[in-house]
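Student: I would like to go through this model and ask what stands behind each label.

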Amino acid sequence: MTDNSNKYDERLFDENGIHRDTNIKYNKVGYDKDGFNKQGFDRFNKHRVTKENYDEDGYYYDGYNGEGYDREGYDKHSFDRNGINKFTNDVYDIYGFTQDSYSQEYSSSKNRYGFSRIGVKDGKDYDDESYDYRGFDKNGFHKNTGTLYDEYGYDKERFNKEGWSIEGINKQTGTHYDKTGFNIEGVNSQGFRRDGIHIETGSIYDTNGYKINGFDKDGINKITHDVYDIKGYDDEGYNDKGFNREGINKETQTKYDRDGYDAAGYNEKGFNRDGLNSKGKTEEMVEEAKQIKIDIYNGLVNKAKQLSTGELSVDDYLKKSKLTIDELIVFSKTHGLGKDVVKGLSSLKGEFRKRQEPLNKQKLLQTSYLINEKEILVTENDIDKCIEYMRQHDMYICQYNAKGIIKSYKKNNDSFSESSIKEKKPDIEKLRKASLEDMLKLVDKHNSEKSSGIKK
């Protein structure tokens, strides 16, 4: 790309009179290389030709002649010589004033609804019927049309259905140009119409030989002086990879090139030429991740079904899954596992609540039991041995289970000896499914059998 840093004068115009920043023959404030605006006036309102404050046709710098009319025959309030308004084609403008109203004293001038020039009537913004100076109510409906637009096609905010105000301001952009860069008359800042024809030359080229896209007849861009514009697209709208702004390839006329890759460099499966997707993963890694998700899903389905029927105990579920019972119920409903599964899971909410509290040594040390009319305290050794017992017997460790085990052993005057820990465990599956009372009975039975030498 050519270095053009030395091709601009002190006012940033090049040898063709094009301004560096605007890329047209006028700078940001509307003056050309010689200091004149489009109307031919300089900053002191002197005309290029007449050297006076009016042009050859007698129009002043503000665009009006000595009679107060512009070249189209309208005065400053957009009325013609017959009193017809340019925008409403009526004797009233959109504010409800006539041409004569503007010749009256400001304080006494009234519009057709009796409102003053500042939009009030009897000191209020709305009349007795709750309409404002233009006939709109507070919800934006017009009294004459019953719609959001008056009889001239403008809404309460003075915009028409196309989003333009009578001053040519676009509602979305707040400027004289819409989002596509065209004004109310369909002309962009460079003088091109939407069809690409320049209003001065009547051709696809402006006065400097450039098209609406900024390229000349040789395909050279006026900003970059290269075959590509500042965004990397050529005269036909394609980049150096052969894709246009919509991502269509020039050769294939699809979103993929001949090798099967799109504008971003990815194939139909989402992998680039190096075999990686946008997250840097290979196809094998993606497939593995998909399988993991499938396995997780199937695992949750099985857990939900088994838990609902009792095939899987609450303790075992808590050891194997991070999902709460409420989350598992939602999962079962969402994936249509059936009413029986949902009902079975819902019935276990109480058991899950009992096991919510994690094991807390400090709270256990403050616990005592009344056994044989004696208060028996829990010791730290009891807690440690209880934890070891639950681990060796694959039990879910929580405050609820710990209390039950400690109470049972205290009741049977057992101190979690090494032998008791290593002894064959009681029927843990039954313990897990039972209520606390049933669990204690089973533990008592186990201890009784152990003491009497009964083997299971």
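Tutor: We take the labels one at a time, with values and cut-offs.
This is a predicted model, in which local features need pLDDT of at least 70, side-chain atom pairs count only at pLDDT 80 or more, and totals for chains, interfaces and linings use all residues. Residues are numbered from 1 along each chain as its sequence is written, and side-chain values use heavy atoms, with hydrogens and water left out.

Student: How many helices and strands does the protein have, and what pattern do they follow?

Tutor: The protein has 11 helices and 2 strands. Along the sequence the pattern reads α-α-α-α-α-α-β-β-α-α-α-α-α. Helices are DSSP runs of H or I with at least four residues, strands are runs of E with at least two, and both are numbered from the N terminus.

Student: How do you know that the length of helix 8 agrees with its number of residues?

Tutor: The expected span is 1.5 Å times one less than the number of residues. For the 13 residues of helix 8 (399–411) that gives 18 Å, and the end C-alpha atoms are 18 Å apart, so the two agree. Helix 7 (residues 380–392) also has 13 residues, and its 18 Å from first C-alpha to last is close to the expected 18 Å. Just after helix 7, Asp394 has a positive phi of about 55°.

Student: What makes helix 8 mostly covered?

Tutor: Of its 13 residues, 10 are buried. Buried means under 20% relative accessible area, exposed means over 50%, and partly exposed lies in between, with a 1.4 Å probe and protein chains only. Ile405, a residue of helix 8, has a relative accessible area of 1% and is therefore buried. Over the whole protein, 38% of the 456 residues count as buried.

Student: Why is Lys410 called buried, and what does it touch?

Tutor: Lys410 lies in helix 8, and its relative accessible area is 17%, so Lys410 is buried. Leaving out residues up to four places away in sequence, Lys410 touches Tyr369, Ile371, Ile376, Leu377 and Asp382; contact means heavy atoms within 4.5 Å. Leu377 is 33 residues from Lys410 in sequence, with 9.0 Å between their C-alpha atoms. Asp382 is among the buried residues of helix 7.

Student: Which residue of helix 7 is buried and has its C-alpha atom 7.0 Å from that of Ile405?

Tutor: Cys386, which is 19 residues from Ile405 along the chain, is one of the buried residues of helix 7.

Student: How are the residues lining the second largest pocket divided?

Tutor: The lining divides into 5 nonpolar, 11 polar and 6 charged residues. Ala, Val, Leu, Ile, Met, Phe, Trp, Tyr, Cys and Pro count as nonpolar, Asp, Glu, Lys and Arg as charged, and the others, Gly among them, as polar.
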